[in-house]
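Here is a short briefing on one protein model. Please keep the structure in view as you read.

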Amino acid sequence: MRTPLKIILLGLPGSGKSTFGRLIARKLNFAFVDLDQVIETETGKKIREIFQEEGEGKFRELESQYLEKVLNGVEGFVLATGGGTPCFNDNMDLINQKGISVYLEVSLEEIFRRLHKDEGGKRPLFAGLDEGEMILKLKNLLAEREYFYNQAKIKLSGDDVSTEHLISELIGYF
């Protein structure tokens, strides 16, 4: 019996993991799972509340716990992780053991544009930051996290990666 295909999307906040993940899942007729939504559903708290009330350390513990739970599921799916998910608690090793990791590498300028336009304030790591601080935070996050992102099995670069491009990259894994 062939193992169900599990596609795990990685990248900075604003790189398009959730948006792109939904498109890919629909195109492949797979379930779409957003790890942050899983955490919120399971804990009954918004990610922002967990950060504020219990701190980032507790959030990272919960994130690892629910990542493992999702990855151990028997169904195939497309999973959008949080931007920091691969960087803590050996999560990147687990991701690569359980599925096909895909790094969505998007320019910092494009990520800033997306976050600034849409929801930078909704994300705990960017709450209360002005434009300059947000840009600096993005640069620092990339410097800290790129090592982990570059361990992905597939790397897609560009600000407008097409669904068709990703599907063609994935064909070899079917």
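A residue counts as buried when its relative accessible area is under 20%. R145, at 4%, is therefore buried. The model is a predicted one.

- An unreviewed UniProt entry lists D36, R60, G83 and R145 under "binding site". Such annotations may be inferred rather than shown by experiment.
- R145 sits in helix α6.
- Which residues does R145 touch, beyond those up to four places away in sequence? They are L12, P13, R60, G83, G84, C87 and L125.
- Two of these contacts, R60 and G83, are also on the UniProt list.
- G83 lies in the loop between β3 and α4. Its relative accessibility is 11%, so G83 is buried under the 20% cut-off.
- With residues up to four places away left out, G83 touches G11, P13, K17, R145 and Y149.

- T19 belongs to helix α1, which spans residues 17-28. Is T19 buried or exposed? T19 is exposed, because its 56% relative accessibility is over the 50% cut-off.
- R123 is in the loop between α5 and α6. At 25% relative accessibility, R123 is partly exposed.
- Neighbours within four places aside, R123 is in contact with P13, G14, R48 and L115.

- F126 and K137 are 11 residues apart along the chain. Their C-alpha atoms are 7.8 Å apart.

**Nonpolar cores**

- The largest nonpolar core has 33 residues. Which members touch the most others? They are L10, I39, L67, L71, L79 and I95.
- At least two residues of this core come from each of β1 (6-10), α2 (35-43), α3 (47-71), β3 (77-80), α4 (91-98), α5 (108-119) and α6 (131-149).
- Helix α3 gives the largest share, with nine residues.
- A second core is separate and has 14 residues, including I7, L104, I154 and L156.
- L10 has contacts beyond its neighbours within four places in sequence. Among them are K17, T81, P86, M92, I95 and Y149. L10 also contacts L104, a member of the second core.

**Helix α2**

- L35, V38 and I39 are buried in α2. They cover an arc of only 100° around the axis, so they lie on the same side of the helix.
- An α-helix has 3.6 residues a turn, so residues three or four places apart point the same way.
- What do the buried residues of α2 pack against? Their partners are β2 (31-34), α3 and β3.
- At the start of α2, a side-chain oxygen of D34 comes to within 2.9 Å of the backbone nitrogen of D36. D36 is one of the UniProt positions given above.
- Just after α2 comes G44, with a positive phi of about 75°.

**Helix α4**

- The buried residues in α4 are N91, M92, L94, I95 and N96.
- Their cover includes β1, α3, β4 (100-105) and α6.

**Aromatic pairs**

- A pair of aromatic rings is described by the distance of the centres and the angle of the planes.
- Rings pair when their centres lie within 6.5 Å. By this rule there are three aromatic pairs.
- F51 and F59 form a tilted pair, with 4.9 Å between centres and 40° between planes. Both F51 and F59 are buried.
- Y147 and F148 have ring centres 5.1 Å apart. Their planes meet at 80°, which is over 60, so the pair is edge-to-face.
- Y147 is exposed, at 58% relative accessible area. F148 is partly exposed, at 23%.

Methods. Residues are numbered from 1 along each chain as its sequence is written. This is a predicted model: local features need pLDDT of at least 70, side-chain atom pairs count only at pLDDT 80 or more; totals for chains, interfaces and linings use all residues. Side-chain values use heavy atoms; hydrogens and water are left out. Rings of Phe, Tyr and Trp (its six-membered ring) pair if their centres lie within 6.5 Å; planes under 30 degrees apart count as stacked, over 60 as edge-to-face and the rest as tilted. Buried means under 20% relative accessible area, exposed over 50%, partly exposed in between (1.4 Å probe, protein chains only). A nonpolar core is a set of buried Ala, Val, Leu, Ile, Met, Phe, Trp, Tyr and Cys residues joined through side-chain atoms within 4.5 Å. Helices (H or I, at least four residues) and strands (E, at least two) are DSSP runs, numbered from the N terminus. Contact means heavy atoms within 4.5 Å. The arc is that of the directions from the helix axis to the C-beta atoms. A polar contact is a pair of N or O atoms within 3.5 Å; within protein, one must be able to donate a hydrogen and the other to accept it, and residues adjacent in sequence count only if both atoms are side-chain atoms.
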